Amino acid sequence: MSLRHLSIVGFGLIGGSLAAALRARQPDLVVTGFARSAETRRQALELGLADAMPDTLAEAIEGADIILLATPVLSFETVLAAIRPHLTPSQIITDAGSVKASVVDAACRVFGELPPRFVLGHPIAGSENSGVTAARADLYQGRRVLLTPDQHTDPDAQASVAQMWRDAGAQVEWLGVEEHDQILAATSHLPHLLAFSLVDTLAHEDRHLDIFRYAAGGFRDFTRIAASDPVMWRDIFIANRTAMLTQIDAFADGLAALRAEVDRADGRAMQTRFARAKSARDFFTQLQEPQTMSKHWQVTAGATMQGTIRVPGDKSMSHRSIMMGAIAEGTTEVSGFLEGEDALATLQCFRDMGVQIDGPVDGRVTIHGVGMHGLRAPKDRLWMGNSGTSIRLLSGLLAGQSFDVTLQGDDSLAKRPMKRVSDPLARMGAVIETAEGGTPPLTLRGGAPLKGIHYDMPMASAQVKSAVLLAGLFADGETSVTEPAPTRDHTENMLNGFGYKVERDGATARLVGGGRLTACDIEVPADISSAAFFLVAASITPGADLTLTHVGVNPTRTGIIDILLLMGANIERLNEHTVGGEPVADLRVRYAPLKGIHIPEALVPLAIDELPVTMIAAACAEGDTLITGAEELRVKESDRIQAMVDGLNALGVAAEARDDGALIPGSLDRVFADAAIQTHMDHRIAMSFVIAATRASGTVVVRDIEHVATSFPNFKALCMGLGVKLSETSH
């Protein structure tokens with residue numbers, strides 16, 4: 001249905017802003033409204049937000065396609081009873097109330113049921129200012145609107161309401177009524193209640209004038225929402241009182257525990273609590289508000305690539321240290337932990353399953369293990385973000401648990417294939433449900449007894465191997481995996497480090513279920529996948545002399561070094577030593593003219609994540625470089641083969657995509673053309689083309705770089721420290 005006439009009952013900030021947004025997009029939209037206040041009716045007309053503001057509800061809704069209820073939620077029953085005699089069968093009702101169960105109850109009392117064309121909704125937007133004069137056309141831009149229909153709600157009505165909010169600039173999502181009210185009680189209603197309470201408490205202090213006069217910015221920021229409409233919030237707290245009381249009690253328990261820590265001056269306990277809170281907030285910040293603008297990097301040619309740097313901790317080992325420390329017995333201390341979004345997603349998952357994890361603070365994490373069977377059912381789905389490692393390894397580790405759990409990620413992760421993991425796990429007896437096409441979300445049903453199997457992997461994948469071995473920890477008998485080519489062996493190494501015996505016989509790794517892990521200390525070396533960008537950058541930059549310190553050089557991860565050496569790179573290993581069973585070295589790399597090669601297929605699995613930036617090196621080498629046997633690149637965060645070839649083509653390189661790789665013509669004198677690169681929200685594609693841009697004729701725009709933080713949060717800072725001319729833009 002095309003919206004031609006909108007009626008707004010309760011013409012304040014919410015309704016007025018919707019009218020402003022829609023009229024800016026569709027000037028011929030008819031908007032009528034109703035407000036009890038004559039002054040509000042006058043202001044809505046004067047501001048051009050409504051065509052008519054009749055004195056009666058019957059007149060206000062006459063002829064409207066959609067009727068929006070934007071009055072306080074406790075008034076809904078009265079409003080619905082008043083408009084019921086005047087409704088036509090085709091009219092759609094929706095609302096903007098921040099509590100949904102009470103709206104359902106009100107509708108049922110008036111209509112006997114929730115009418116099929118009543119679409120419950122809630123825009124997650126607002127302001128401390130209220131009233132129609134505070135209305136803004138951009139209030140909903142990039143904000144979420146939650147629709148909470150039931151199974152009887154008319155699909156066409158849902159579609160019409162969803163489109164109305166999208167036309168206002170919002171992102172529409174769906175939730176259940178009970179889920180909505182519980183979530184909003186915690187994330188919106190409780191903060192408002194606390195802000196009102198704090199200001200009211202301090203206002204009764206003897207020195208309240210001085211308290212407010214000298215209040216710092218934190219006080220103003222925290223209490224800003226106490227300027228919101230008191231009547232609206234009174235109604236919300238009453239309408240959602242059951243969920244509110246649950247949240248108030250939970251907060252009171254936490255506050256009492258913190259009070260006890262302050263009383264006994266327990267600095268360690270407080271620091272642990274605050275660090276845990278900071279880590280959780282850092283992780284969930286990406287979820288709190290959808291991105292309103294895409295971020296891009298503009299990179300201008302030129303870089304020095306001289307000096308000494310240390311890249312962040314190894315992502316693969318950071319993931320695994322949390323997983324194994326959580327199910328170990330005792331306390332595991334981790335240093336060098338990668339504080340990127342992917343690893344933080346794994347950390348938060350185990351907190352959600354009842355594991356106490358302190359930190360991270362400066363890369364240090366303390367994990368208080370709960371043992372093999374000590375994990376608890378999470379209260380909600382586990383959020384993987386964009387992390388394929390998290391979802392694949394966790395599906396194996398959780399397959400043998402006693403509880404049901406759902407693993408979900410962002411839109412990019414939702415497109416990733418999971419059958420390569422779910423199929424062997426199902427053979428072991430796991431009960432796993434996927435979305436249509438074998439993609440996330442994944443739901444694992446608890447209580448399924450697992451049995452050990454031998455699995456011949458059809459393609460080399462460390463994630464699949466690890467998932468099967470982790471499931472094998474909880475399986476009856478022996479589990480073994482044979483891989484067609486070597487892949488990273490951090491899972492096997494770390495299990496052995498935790499005292500769980502994993503035997504390796506050539507291409508086969510095997511373990512017997514039913515054992516136990518014992519806590520240990522883990523030092524995570526710098527990630528060679530992150531180092532790879534600078535190994536390539538220094539190799540193609542005349543005059544470069546760069547040392548990367550404390551890099552993990554596990555033989556299953558050094559494919560990038562071996563490939564670059566075959567191409568003629570000048571890379572030295574210095575200060576080689578072993579840390580926690582993992583080989584580590586400083587890598588000194590100096591400029592050297594590279595030559596094109598056919599990359600040996602045996603090295604491809606050992607450099608699968610580094611192949612995108614390897615293609616940049618290939619474009620700057622003398623002669624052609626051929627990559628084969630790399631079909632795994634098609635199913636990463638993006639189709640990395642096609643994404644890299646398309647980007648190289650845009651830069652003026654006649655690269656060709658193959659089913660399992662690519663052909664890249666190179667030139668030692670390569671100067672890339674100026675271009676805008678589509679990264680497909682893939683962090684490795686983005687970082688690879690930043691390196692390419694240092695050899696461009698002018699400026700290269702690398703689009704949609706938000707996901708770089710998933711694996712390399714300080715990539716931009718390190719680049720700029722090495723002379724890369726990089727600036728951020730958005731739209």
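Me: Is Cys 108 buried, partly exposed or exposed?
Reply: The model is predicted; local features need pLDDT of at least 70, side-chain atom pairs count only at pLDDT 80 or more, and totals for chains, interfaces and linings use all residues. Residues are numbered from 1 along each chain as its sequence is written, and side-chain values use heavy atoms, with hydrogens and water left out. Buried means under 20% relative accessible area, exposed over 50%, partly exposed in between (1.4 Å probe, protein chains only). Cys 108 has a relative accessible area of 32%, so this residue is partly exposed.

Me: Is Cys 620 buried or exposed?
Reply: The relative accessibility of Cys 620 is 4%. That value makes Cys 620 buried.

Me: Which cysteine has the nearest sulfur to that of Cys 620?
Reply: A disulfide is a pair of cysteine sulfur atoms within 2.5 Å. The structure holds 0 disulfides. Cys 620 is in no disulfide, and the nearest cysteine sulfur, 15 Å away, is that of Cys 719.

Me: Why is helix 15 largely enclosed by the rest of the structure?
Reply: Helices (H or I, at least four residues) and strands (E, at least two) are DSSP runs, numbered from the N terminus. Helix 15 spans residues 388-398. Its buried residues include Arg 392 and Ser 395.

Me: What covers the buried residues of helix 21?
Reply: Helix 21 (residues 611-619) has 9 of its 9 residues buried. Among them are Pro 612, Thr 614 and Met 615. The cover includes helix 19, helix 20, strand 28, helix 22, strand 30 and helix 23.

Me: Which residue of strand 17 stands opposite Ile 432?
Reply: Two strands pair if DSSP finds at least two bridges between them. An open, mixed sheet of 4 strands runs in the order 14-15-17-16. Strand 16 and strand 17 (residues 439-445) pair in the antiparallel sense over 4 bridges. Opposite Ile 432 stands Leu 444.

How values were computed: Contact = heavy atoms within 4.5 Å.
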